[in-house]
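Subject: Structure handover

Hello,

Here is the structure you are taking over. Please keep it open while you read the notes below.

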Amino acid sequence: MNTSYLTFTDEVKDALANNKPIVALETTIISHGMPYPQNIEMAKKVEQIIRDNGAVPATIGIMDGKIKIGLNEQELEAFATTANVEKVSRRDFPYILSSGKIGATTVAATMIGAALAGIEVFATGGIGGVHREGEVTMDVSADLTELAQTNVAVVCAGVKSILDIGRTLEYLETHGVPVVGFKTSEFPSFYARESGYGVDFRLDEAAQVAAMLRTKWELGLAGGAIIANPVPAESAMAHNEIEGVIQQALAEAKDQNVTGKKVTPFLLARIKQLTEGRSLETNIALVYHNAQTAAQVAVALKNK
Ligand code: PSU
Ligand code: MN
């Protein structure tokens with residue numbers, strides 16, 4: 001591995017040197033997933049939750065020609081406030097790095113950074129997937145191909161129903177990505193705890209998740225896993241309540257010819273407006289919950 005592209009905060013450097021549990025975090029959720037100032041509040045608090053649960057946070061982003069593994073407060077602010085932060089997935093990685101631009105990493109790109117740094121667990125909100133009508137548009141997130149090949153476990157609240165959840169799960173099955181329900185038998189749909197789809201395996205303890213991951217990787221079965229962690233009931237929205245809003249946002253995206261990497265941020269922003277901020281509150285609550293679970297899994301993996 002060529003580590004000359006990586007820089008680390010002292011906290012992460014110390015954790016790596018002393019084999020402490022680390023949880024990776026993405027920056028696209030900060031730059032493109034939430035408005036200011038909720039994004040910076042979330043970014044700081046999610047790190048604290050990871051520390052409170054016995055692990056070290058490593059928020060990953062690209063700046064000054066380096067993949068930053070861990071960001072200081074000033075850098076977090078830059079991702080939260082800079083207007084033209086690039087959204088970086090696997091495709092964009094080498095260009096943004098070599099041009100010295102500031103780039104927020106998606107799930108796919110954060111997995112790449114985490115794997116280069118030797119970090120096994122990553123907490124986020126939701127992953128990208130197969131878009132509705134993806135069988136025609138071929139809009140399938142590079143998050144899925146990354147999960148197929150890069151050894152990082154992604155703790156998330158499932159997949160938003162802006163996507164085609166059924167086809168997303170089919171894709172993951174084809175590519176051998178285990179979809180674990182953490183304390184649930186139903187795959188969650190981000191804002192809602194239910195989706196109508198099941199998970200592959202239900203596990204109720206972080207230690208069981210860690211054992212499954214260790215077994216996968218010791219066998220040399222490359223790729224990640226999804227640890228699907230439903231939003232806590234008190235913060236959840238009803239599936240049928242959010243569905244109408246999603247239909248409207250999707251129709252507007254189509255009318256306005258929104259395509260490519262702009263689709264997901266457009267839909268997220270529109271859903272927030274249409275729910276008068278309720279979706280944002282749910283989004284933040286589920287990220288905190290995922291951070292807690294991810295820290296527990298990271299701690300358990302160090303005991304394997
Ligand atoms: N889903 C969410 N919130 C997000 C994203 C997805 O609920 O912020 C972001 C993540 O960074 C994810 C990316 O990796 O969108 C997927 O973008 P695309 O569909 O363009 O691959
Ligand atoms: Mn896409």
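This is a predicted model: local features need pLDDT of at least 70, side-chain atom pairs count only at pLDDT 80 or more; totals for chains, interfaces and linings use all residues.

Residues are numbered from 1 along each chain as its sequence is written, and chains are lettered from A and ligands numbered from 1 in the order in which they are written.

Helix pair. Helix 11 (residues 239-255) packs against helix 12 (residues 263-274) at an angle of about 135°, and their axes are 9 Å apart. Axes are lines fitted to C-alpha atoms over the stretch in contact, with angles from 0 to 180 degrees between N-to-C directions. Helices are DSSP runs of H or I with at least four residues, and strands are E runs of at least two, numbered from the N terminus.

Ligand shell. Around ligand 1 there are 19 residues, of which G33, V107, G126, G128 and S141 come nearest (C-beta atom, placed from the backbone, within 6 Å). Helix 2 (28-31), helix 8 (142-149) and helix 12 each give two or more residues to this shell.

Recorded site. An unreviewed UniProt entry places the feature "binding site" at K87, V107, S141, A142 and D143; such annotations may be inferred rather than shown by experiment. These residues spread over 57 residues of sequence but cluster in space, with a largest C-alpha distance of 13.0 Å. K87 lies in strand 5 (residues 86-88).

Regards
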